Amino acid sequence: MSAVLEVPAEAEAGSPSRGGARAAVLALARFEARRLLLSVPVAVAFVGYVVWIVWHGRNTWDGYPALQDADRATQNMPMLVGLAVLLSANLAVLRSWRHGTESRFAALVVSPWSRTAAHALSVVPAALLTAVCVAGQFTREALKPGAVGHGSPAELLVGPLTVLLFGVLGVLVARLVRSAWAAPLAVVCLLFLFVLGTGPSGTDGVSWLAPVVTEPSTKTLPSALLGRPAAWHALYLAGTALTVAFLAVLAAGGRSRTVKAGVALSLALALTGGIAQAARMSPSPELTAARERASVSPEKEQTCVERGGSRYCAFPEWTARTGAWAGVVDEVRSLAGGSAHGQRLVVRQRLDARYGLEGDAALAPSEAAHQVTVGTSWGGNRVPEFSTAVAAVLVAGSEKASGGMCDGRMVTVMWLSLSWQDDPLGALRRVRLDDSLSGSAVVLSPTDPLTMTEGQTDVVRRLLGEPRAAVAQRVKAHWAELTSPGVTTARAAELLGVKGPEKADSCEE
């Protein structure tokens, strides 16, 4: 008796065709991508990300964003999403090992390194979904009526590339260490290193090896003066992510020329981006000169417009805000008396960009008569701060002269600054450094701060409780005495018809 063994045609053909293997890899990648996005860590991370965008975007920059800051604000939250993707991608690769089914994969079309490639590709949809969230967050800021400036596409790429990098890192860790604890430990390390602020800040070349680079300053600069090597950093992140992905395939047994060439080319991209961004940490002579001009001679870089009898000078990206500044000036000036009621002011935008985003020096008060400084930020606390600066210049004549104000004139200044606002007491609280409504305090301003004594605070608070029209009439009637150097707080209160301070008042207290 003899047996005849018939070999199927597929078996006679040997190994599957390259096209069939590629289709199998893509099919597996789609399957794993769907499982990855629906995994608990990733789903929770994306839901939290979307909720944060909706909640945080309601009050960001008080409705007046600078888009060169808004693009960088999209970078931190994707790191948390990336950590969730890292964990889930790692567990997906180890799934067959954890369940003891690794031996059954020998009968499949795809080899171990092909399956690793599929897992690396499965991370891409998570990165694309992050890109959608980033675009939504930035677009929301860009569509606000008070938005100014220009965003950088390279800065917007950092979030999605970070998710891609963390995801393929999870795949590589799974191929190097067959332990379910390796990924959680990696997540904890990355969390402390990059997310919780224990890593390096953006002050040297080493800091730019991190996925997200932040600076210690919170000030806003014109987009042309930032000096961040954003494009090179995006290239560095893309090259690093590709390098990690190809290394994962190589660790899984992929020894083809394509894989080796991929490692070499992606490593070259990462090195090119890393070296180029480190070389640009020191500003170029052209950038240094531009920062110097903007800081020392802003009038050479600004556009000026006339509004309501005053002149408003701003850097090109901020000219749309001159209307908002003029509204504040008109309100304060309408309450003033004497020649100040029609005084022509020059409102000039000023900044100190000489140290880029690493410095946060205060601006010196201007010595020019009837000139008021306005910064690059607006909305929220910046409004009463600017209003106070306008009132101080109308009373004292210049920012330099108002800096030494230590008498009852502060009562007039603060009433002019606050009485016209929707919530005068709230504005008083916000403009004081300690957010108080009693006692002495430092009063914030675009340049050097002013000082309110305890008695002046009490008198101003009483004035804000009086009808504005009645107080305005007294201010105009007694303007000359109210703005005379040396007038006491008690005398100012008497002229304005409210109770004076309980005890002797002095700025030296």
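Trainee: How much space lies in the largest pocket?
Mentor: This is a predicted model, and in it the largest pocket holds about 1300 Å³ of space.

Trainee: Which residues lie nearest its centre?
Mentor: Those are Thr218, Lys219, Thr220, Ser377 and Arg382, which belong to a lining of 45 residues around the largest pocket.

Trainee: And what's that lining like by class?
Mentor: The lining of the largest pocket has 21 nonpolar residues, along with 13 polar and 11 charged ones.

Trainee: Which helix gives the most to the lining?
Mentor: Helix 15 does, with 3 residues; helix 15 spans 382-396, and both this helix and helix 3, which covers 40-57, supply at least two residues of the lining.

Trainee: Switching to cysteines, how many disulfides does the structure hold?
Mentor: The structure holds 1 disulfide, formed by Cys304 and Cys313, whose sulfur atoms are 2.1 Å apart.

Trainee: Is that link right-handed or left-handed?
Mentor: The link of Cys304 and Cys313 is right-handed, with 110° about the S-S bond.

Trainee: Are its two ends buried or exposed?
Mentor: Cys313 counts as buried because its relative accessibility is 0%, whereas Cys304, at 26% relative accessibility, counts as partly exposed.

Trainee: What about Cys133 and Cys189, buried or exposed?
Mentor: Cys133 has a relative accessible area of 10%, so this residue is buried, while Cys189 is exposed because its relative accessible area is 51%, and the cut-off for exposed is over 50%.

Technical notes: Residues are numbered from 1 along each chain as its sequence is written. This is a predicted model: local features need pLDDT of at least 70, side-chain atom pairs count only at pLDDT 80 or more; totals for chains, interfaces and linings use all residues. Side-chain values use heavy atoms; hydrogens and water are left out. A disulfide is a pair of cysteine sulfur atoms within 2.5 Å. Buried means under 20% relative accessible area, exposed over 50%, partly exposed in between (1.4 Å probe, protein chains only). On a 1 Å grid over the protein atoms alone, a cavity is a set of points where a 1.4 Å probe fits but cannot get out, and a pocket is an open set with protein on both sides within 12 Å along at least five of seven lines; lining residues have an atom within 4 Å of a point. Grid points are joined across faces, edges and corners, and a volume is the space filled by probe spheres set on the points. Helices (H or I, at least four residues) and strands (E, at least two) are DSSP runs, numbered from the N terminus. Ala, Val, Leu, Ile, Met, Phe, Trp, Tyr, Cys and Pro count as nonpolar, Asp, Glu, Lys and Arg as charged, and the others, Gly among them, as polar.
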